[in-house]
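This briefing is meant to be read alongside the sequence and the coordinates. It takes up the helix packing, then the overall dimensions and the surroundings of the ligand.

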Amino acid sequence: MRLKNKIALVTGAATGIGAAVAKHFASEGAVTYATYHTKGKGRHQSSQENGILEYVKMDVRDESSWLEVRKMIEARHGRLDVLVNNAGVVLDVDNVAATTLEQWNNTMAVNATGAFLGCHTMLELLKKSEAASIVNVVSSIVFKPDVLVAYASSKAAMWGLTRSIALYCSREKLPIRCNSVHPGGVETEMLRDFIEAAPDPAAVREFAVQNQLIKRFAEPIEIARFIAYLASDEASFVTGAAFPIDGGLSIN
Ligand SMILES: NC(=O)c1ccc[n+]([C@@H]2O[C@H](COP(=O)([O-])OP(=O)(O)OC[C@H]3O[C@@H](n4cnc5c(N)ncnc54)[C@H](O)[C@@H]3O)[C@@H](O)[C@H]2O)c1
């Protein structure tokens, strides 16, 4: 089990990629805290696989929410080994003409500020780990641009954040690696809702799939397995890096 004895925190883990990551982490032996926001409400009981999976409520936009979770993890374990900033939102319609300031602010607050708050509030606990890893779930949109103005900007911010933190941790001689993963199309609620909101969903789906070298969308577990590698000590020489997991979308 590659994550045995690791203490991990995964945000936005009631659904989609985050849910797959949290379950996979537990199956790899980690004590995993999986945060949920509104979706998945009530799923806060502990369940045992090879590791432990426990659901905790959190709004990643809210610093006090992070501090509460930090207090709980600190009291129980005194350290954090893995932080996965996965929680995210996308607007149905997102372009420079249509996106309102309120929509822009909320997208930035969840995707970019949420990831910053995760790193900022958890740093002291990550420092206590012998070998910590932060993984930010960004998007292939930073390599393969699209008109989604708030989403693309928030994800570009997360990419910048990743490299800034990797550099900081090196300069401060902290045992913390920080990397980003960049999924393309993944079969989750977010992607399905986004496609369903389009005037011709079937055409949008077909166009997106054909745009990739591998002609299908990913399953969440295919992203989760790569994140587990980055979280583990097998990736001990990997930091500051950005990994497309997009079926070849970004080079097509
Ligand atoms: N599905 C894709 O095709 C795809 C592609 C590239 C990147 N991503 C990224 O992957 C991540 C996971 O997305 P997904 O596809 O699994 O979608 P999803 O909608 O299933 O998951 C997003 C999760 O974030 C949570 N969330 C939203 N606002 C929150 C808040 N304020 N506080 C805490 N949690 C909040 C939601 O409750 C949800 O569980 C996102 O960051 C997304 O941008 C997804």
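Which residues in α2 meet which residues in α3? In this predicted model, E63, W66, L67, R70, I73 and E74 on the α2 side meet L117, G118, T121, M122 and L125 on the α3 side. The points below begin with the geometry of that pair and then turn to the other helix contacts, the chain as a whole and the ligand shell.

**α2 with α3**
- Helix α2, which covers residues 63-77, packs with α3 at an angle of about 25 degrees, and their axes are 10 Å apart.
- Because angles under 35 degrees count as roughly parallel, α2 is roughly parallel to α3.
- The crossing in which α2 passes α3 is right-handed, and the residues of this contact comprise 6 nonpolar, 2 polar and 3 charged ones.

**α3 with α4**
- Helix α3 (residues 101-127) and helix α4 (residues 149-171) have axes that come within 9 Å and cross at roughly 15 degrees, which makes α3 roughly parallel to α4.
- The crossing of α3 and α4 is right-handed.
- On the α3 side the contact is made by Q103, W104, T107, M108, N111, A112, A115, F116 and C119, which meet A150, Y151, S154, K155, A157, M158, L161 and I165 in α4.
- Sorted by class, the residues of the contact of α3 with α4 are 12 nonpolar, 4 polar and 1 charged.

**α1 with α7**
- The axes of α1 and helix α7, the latter spanning residues 220-231, come within 8 Å and cross at roughly 50 degrees, and the two helices are therefore oblique to each other.
- Where α1 passes α7, the crossing is right-handed.
- From α1, the residues G16, I17, A19, A20, V21, H24 and F25 meet P220, I221, I223, A224, R225, I227 and A228 in α7.
- The contact of α1 with α7 divides by class into 11 nonpolar, 2 polar and 1 charged residues.

**The chain as a whole**
- The secondary structure of the protein chain consists of 7 helices and 8 strands.
- A compact globule of 252 residues would have a radius of gyration near 18 Å, and the 17 Å of the protein chain agrees with that.
- The C-alpha trace of the protein chain spans about 50 × 35 × 35 Å along its principal axes.

**Surroundings of the ligand**
- The ligand is surrounded by 28 residues, of which the closest are G12, G16, G88, T188 and M190.
- Two helices, α1 (16-27) and α5 (189-196), each supply at least two residues of the shell around the ligand.
- The shell around the ligand contains 12 nonpolar, 12 polar and 4 charged residues.

Technical notes
Residues numbered from 1 in each chain as written. Predicted model: local features only at pLDDT ≥ 70, side-chain atom pairs only at ≥ 80, totals over all residues. Near = placed C-beta within 6 Å. Helix = DSSP H or I, 4+ residues; strand = E, 2+ residues; numbered from the N terminus. Nonpolar A, V, L, I, M, F, W, Y, C, P; charged D, E, K, R; others polar. Axes fitted to C-alpha atoms, helices over the stretch in contact; angles between N-to-C directions. Parallel < 35°, antiparallel > 145°, perpendicular 65-115°, else oblique. Left-handed = near helix turned anticlockwise from the far one by under 90°. Contact = placed C-beta atoms within 7 Å. Rg over C-alpha atoms; globule rule 2.2 N^0.38 Å.
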